[in-house]
Amino acid sequence: MPLLTRTFIKTALVYFVLALLLGILLALHGSNSLFPVYIHLLVFGWLTQLIFGVVYWMFPKYSNQLPRGREVLSWVTYGTLNIGLILRAIAEPLQASQASNLFSVLLVLSAILQWFSGVAFVANTWQRVKEK
Amino acid sequence: MPRLSVWFVRCSFIYLFLGFTLGGLILANKGFPFAPWVWNLLPAHMEFLLLGWMVQLTMGVAFWILPRFRSGPSRGNIDLVWSAFVVLNTGIVLVAVQPFFSMAWLTQAGRILETISVLLFVLASWQRVKPLEV
């Protein structure tokens, strides 16, 4: 299993546990501002990140020279996904409770980074989706 | 990867891009409310990513990877799976456009189609969940 895949999957597992712990907290105390964080830790941090890692490993070869495409693009996917998600986890609830320009900027930055992670993943993987 | 899987997976990637774009707009709007109308995109954001990206990718990879039959068509009734593909994507679009038409039946119809799609896929794939020697 390539290093990038191991990194994606182990990180995804960490998010899985964090999300479930947050779920327990939400069940005990309830919080509108933390609910989007909970959902995105699960579907983005855990599920999508797991998928990215396994797809990078398993999909048909891009070419003999670059079997998994451009590795740097996949590391960029990993970095932007996680930095964006962590920024969101911090800024989103804080913006809801005590709005400020700092949190506003962090939210926009988080949005851009998360979006870009998807773009990078699709750009690096599209041509690996093929019949042969 | 069989051609039908290519269709499923490429469509899932398109939904990933669209869903991420809508989500990015909604999140950015939380930071600086530049367009309150973006909240109308929330149903599409959810449907694109949960059904369009995840379920569709799963169907595509499952159709490719599940154990094949030793006799007859190796991946079973492909027409059922093509139908599942068409019905799923029709359902997703109906749910996504509903906020812009204010017709509640669009969401209901969309969800029914999505359910039918999954039933078709399960019907086509159930027997492929088998030990290798069968």
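A nonpolar surface patch of about 650 Å² is formed by V72(A), V76(A), W115(A), F116(A), W126(A), I14(B), F17(B) and L18(B). Two or more residues each come from α3 (71–97) and α4 (101–125) of chain A and from α1 (3–31) of chain B. The model is predicted: local features need pLDDT of at least 70, side-chain atom pairs count only at pLDDT 80 or more, and totals for chains, interfaces and linings use all residues. Residues are numbered from 1 along each chain as its sequence is written, chains are lettered from A, and side-chain values use heavy atoms, with hydrogens and water left out.

**The nonpolar patch**
- Patch residues have over 30% relative accessible area and no salt bridge, and nonpolar side chains are joined within 5 Å.
- α1(B) gives the largest share of the nonpolar patch, 3 residues.
- L18(B) lies in helix α1 of chain B and is partly exposed, with a relative accessible area of 34%; partly exposed is the range between buried (under 20%) and exposed (over 50%), with a 1.4 Å probe and protein chains only.

**Chain A as a whole**
- Chain A has 4 helices and 0 strands, where a helix is a DSSP run (H or I) of at least four residues and a strand (E) one of at least two.
- Its C-alpha atoms fill a box of roughly 50 × 30 × 25 Å along the principal axes.
- Of the 132 residues of chain A, 47% count as buried.

Notes:
Patch = residues over 30% accessible without salt bridge, like charges linked within 9 Å, V, L, I, M, F, W, Y side chains within 5 Å. Areas by Shrake-Rupley, 256 points an atom, 1.4 Å probe, with all protein chains shown as cover. Salt bridge = Lys/Arg side-chain N within 4 Å of Asp/Glu carboxyl O.
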